Amino acid sequence: MILSVAVKAKKNSTLISLMLLSSFSSAASSSSSTVSLKPSGRLQQTLAAPVEVNGKALHSGKLSTVKLLPAIAGAGRCFEFRSRSIPASIEFAQESPLCTTLLKDGLRIRTVEHLLSALEAKGVDNCKIRIESDSPDDREVEVPIFDGSAKEWVDAIEEAGINVAQNHGGETVEKMVAHVNKPVYVCKNDSFVAAFPALETRITCGIDFPQVPAIGCQWFAWKPEHDSSYAKDIAPCRTFCVYEEVEKMREAGLIKGGSLDNAIVCSAEHGWMNPPLRFDNETCRHKILDLIGDLSLVAQGGNGGFPVAHVVAFKAGHALHTELARHLTIG
Ligand SMILES: [Zn+2]
């Protein structure tokens, strides 16, 4: 779909063909000058032990089992479904409504963002994610939703423990991370996600629901102050939906597994239907959770995914997040 094409920075054929493929506007290209990989001063890590969890999927309503397994340095994060590998990489990300999906060789893994957010934020750089559907013939599987937050994943990672990873030769490997060298943004209508050069990682998110007064317009700025910041400030924040839109989503075949147990639901007329909220701005914080998960798809070979940058998002969703991730990917 072509809505508008507005190239505001250096034009090149790669960028123009990208623009023609999507309806997004953007500035800056994904050339190596936009981002550069630099040493993080930390070693690549992995899980200390396997851990298994299972639960119900939000959209399909089916049960699935996820086993997180240690992986060697350089392996990165990779799903394994029906004995096939699907790297958690932007290369395989597919636009899909209300979640982020990976697609490879006809196999599809949906709703990967909360799990990947927890792995990225906790520094699990290398991990095999073995996932099974309760229907063995399915070519599509969905990551369990739990309570709509990333808390269950953080708990599983902390239960397994985290170790420094070693490569095939038994050596440790320094983790590299992308630094944003110049502003880059993607936008659609009045929604945008931008990444600005910064000395440290910082995220600012805004949402605006004028038709739902209990949510309204919120902004929240956050940066990881210490190792437990994500677990405390972001991971417990649940996904949310507007009650009056639930029926439309059900008719579209979505949120078959949705209930008041796996999302916070807000009515335009009656306000929050399943209080209490875990934070006054839980909805805005959840957007940061999603953004970390989607930008984690930039990661390659056990290096960091979320860049060293100030990432600012307003009214953005998974499609814009992953579009920015494409611009931040090197090579
Ligand atoms: Zn989410």
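Reader: How far apart do the C-alpha centres of domain 1 and domain 2 lie?

Author: This is a predicted model, in which local features need pLDDT of at least 70 and side-chain atom pairs count only at pLDDT 80 or more, while totals for chains, interfaces and linings use all residues. Residues are numbered from 1 along each chain as its sequence is written. Domain 1 covers 13-38 + 180-328 and domain 2 covers 43-164, with bounds from an automatic or database domain assignment. Their C-alpha centres are separated by 19 Å.

Reader: Which elements give two or more residues to the side of domain 1 that touches domain 2?

Author: Counting two residues as in contact if their C-beta atoms, placed from the backbone, lie within 7 Å, 34 residues of domain 1 meet 39 residues of domain 2. Helices (H or I, at least four residues) and strands (E, at least two) are DSSP runs, numbered from the N terminus. On that basis the elements are helix H4 (229-233), helix H6 (282-295) and helix H7 (318-328).

Reader: Which residue in E16 is the bridge partner of Lys188?

Author: Strands pair if DSSP finds at least two bridges between them, and strand E15 (residues 184-188) pairs with strand E16 (residues 191-196) in the antiparallel sense over five bridges. The two form a hairpin with two residues between them, where Asn189 in the turn has a positive phi of about 55°. Within E16, the partner of Lys188 is Ser191.

Reader: Which residue in E22 does Ala195 stand opposite?

Author: E16 is also joined to strand E22 (residues 310-314), the two running antiparallel with five bridges. In E22, the residue opposite Ala195 is Val311.
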